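Welcome! Please take a moment to look over the sequence and the 3D structure shown here.

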Amino acid sequence: YDALNNIAVFSPLSPLKASTTYTALMTTGATDLAGNALAAGLLQNPWSFTTASAAVLALSIDLKLATPFAIASAAGMTNASTLPATTINGDVVLSPNSTCNAVTWPACGGVSPIVNGAVLVGADPAALAVKADLLAAYLSLMPANLPGAVVLGCGTIGTAGGAGALLGCAGNATLPPGVYISATASTIGLTGVLTLDGQGDANSQFVFQVPSALTTAPGAPGAPGSEVVLINGAKASNVWWQVGSSATLGTYARFQGNVLAAASITMETGSRSCGRLLAGAVTASGTLAFDANVVSVPGNGCPL
C-alpha cells in the first residue's frame with residue numbers, strides 16, 4: 001500500500017491467464033494501518049478486469065533502424081499543397097525512388113515539405129538498411145507471424161461505424177489492448193471516434209491487421225470525420241496498423257499509430273498523424289502523397 005498516494009497494489013500469487021475476465025470483491029476485512037475495518041458503505045463491489053491476449057503479452061515490435069523515421073516511401077512522394085506546407089517531424093527515407101513531385105530530392109517540383117529530420121535517399125546503404133528493417137517489422141505483424149487476432153465486429157469501426165455493440169462497432173468503439181483483424185478479412189474503415197484504452201499500462205500494445213486497405217472518413221476543419229483517441233496510458237508509439245495494400249487518411253482526420261503499408265499511403269487535405277507513415281514496405285510502387293499535412297514520430301510533439 002502506497003500511503004502517500006493512497007494506492008493499493010494487488011499482486012497475484014501466480015500468473016493470471018491471458019484473455020480471461022477476473023472479478024474482484026473487497027470486504028470489510030480490509031483495514032487501515034491502525035486496524036480499522038473499511039466501512040461497508042464504502043465498498044464498491046464487485047469490479048472486473050480482463051487480461052490481455054497471449055499474443056499481446058508476448059508482443060515485441062522493433063523497428064530497429066527505422067525507429068526515428070516519420071515517413072518511408074519506395075516510389076517517392078508528392079506534395080500537392082502550396083500553403084501551409086506539409087510538415088514532417090522525424091527522419092525521411094525515399095528509397096529506391098528518391099523523387100518529390102517527380103523531381104529528384106532535395107529539389108521538389110512545387111512547395112517542398114518541411115522536414116525536421118534527416119533524409120536518406122536512393123541506393124544509399126543506410127537507406128537500404130532502414131528499408132530492410134521496415135520490411136522485417138511489417139512481416140512480424142502479419143497474421144501468419146502474429147496469429148490469434150480478435151476479429152472486429154464491423155468492417156467500419158468507430159462511433160459512426162457499423163451499427164450495434166459488437167467489438168469496434170458504433171456501440172462499442174473503445175478497445176482494450178490486443179491484436180485485431182478486419183471483420184471482412186479485407187479492409188478496415190474508420191468513421192467517428194475510435195478510443196484505445198491502455199487500462200493503466202504504458203506498455204500496452206494495439207495491433208490492427210488489415211489484409212487489404214485502410215481508410216478513414218473525411219471531415220472538415222475543426223470537425224474530423226475520423227479520429228483515434230488514446231486514454232489510460234495508451235501511446236501512439238504502441239499502436240500498429242499493418243496494411244496489406246494501401247492506406248488513405250481522409251481530409252482533416254486526426255490519426256494515431258504507426259502505419260506499415262505494403263503499398264501506398266495518402267494523406268488527404270489537412271489530415272494529421274501522430275505516428276509513422278511507412279509506405280512501400282513490400283512493393284517498389286508504394287508512394288506517399290501529402291496535401292497540407294502534419295506527420296510526426298510519436299514523442300516529437302504530435303500536434304493533433
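The report below covers the model itself, its aromatic rings, a glutamine and a surface patch.

## About the model

This is a predicted model, in which local features need pLDDT of at least 70 and side-chain atom pairs count only at pLDDT 80 or more, while totals for chains, interfaces and linings use all residues. Residues are numbered from 1 along each chain as its sequence is written, and side-chain values use heavy atoms, with hydrogens and water left out.

## Aromatic rings

A pair of aromatic rings is described by the distance of the centres and the angle of the planes. Here, rings of Phe, Tyr and Trp (its six-membered ring) pair if their centres lie within 6.5 Å; planes under 30 degrees apart count as stacked, over 60 as edge-to-face and the rest as tilted. By this rule there are three aromatic pairs. One of them is Tyr 180 with Phe 208: the centres are 5.5 Å apart and the planes are at 25°, so this pair is stacked. Because Tyr 180 belongs to strand E12 (residues 178–181) and Phe 208 to strand E15 (residues 206–210), the pair ties together parts that are 28 residues apart in sequence. Strands (E, at least two residues) and helices (H or I, at least four) are DSSP runs, numbered from the N terminus.

Trp 241 and Phe 255 form a tilted aromatic pair, at 5.2 Å centre to centre and 45° between the planes. Trp 241 sits in strand E18 and Phe 255 in strand E20 (residues 254–256), so parts 14 residues apart in sequence are tied together by this pair. Tyr 180, Phe 208, Trp 241 and Phe 255 form one aromatic cluster.

Tyr 180 is buried at 3%, Phe 208 is buried at 0%, Trp 241 is buried at 0%, and Phe 255 is buried at 1%.

## A buried glutamine

Gln 242 is found in strand E18 (residues 239–243). With 2% relative accessibility, Gln 242 counts as buried. Leaving aside neighbours within four places in sequence, the contacts of Gln 242 (heavy atoms within 4.5 Å) include Tyr 138, Leu 141, Phe 208 and Leu 260.

Leu 135, Leu 139 and Val 282 make a nonpolar surface patch of about 230 Å². Accessible areas come from the Shrake-Rupley method with a 1.4 Å probe, and for residues only the protein chains shown count as cover. Leu 139 lies in helix H2 (residues 125–141) and is partly exposed, at 36% relative accessibility.

Conventions: Patch = residues over 30% accessible without salt bridge, like charges linked within 9 Å, V, L, I, M, F, W, Y side chains within 5 Å. Salt bridge = Lys/Arg side-chain N within 4 Å of Asp/Glu carboxyl O. Buried < 20%, exposed > 50% of the residue type's maximum accessible area, 1.4 Å probe, protein only.
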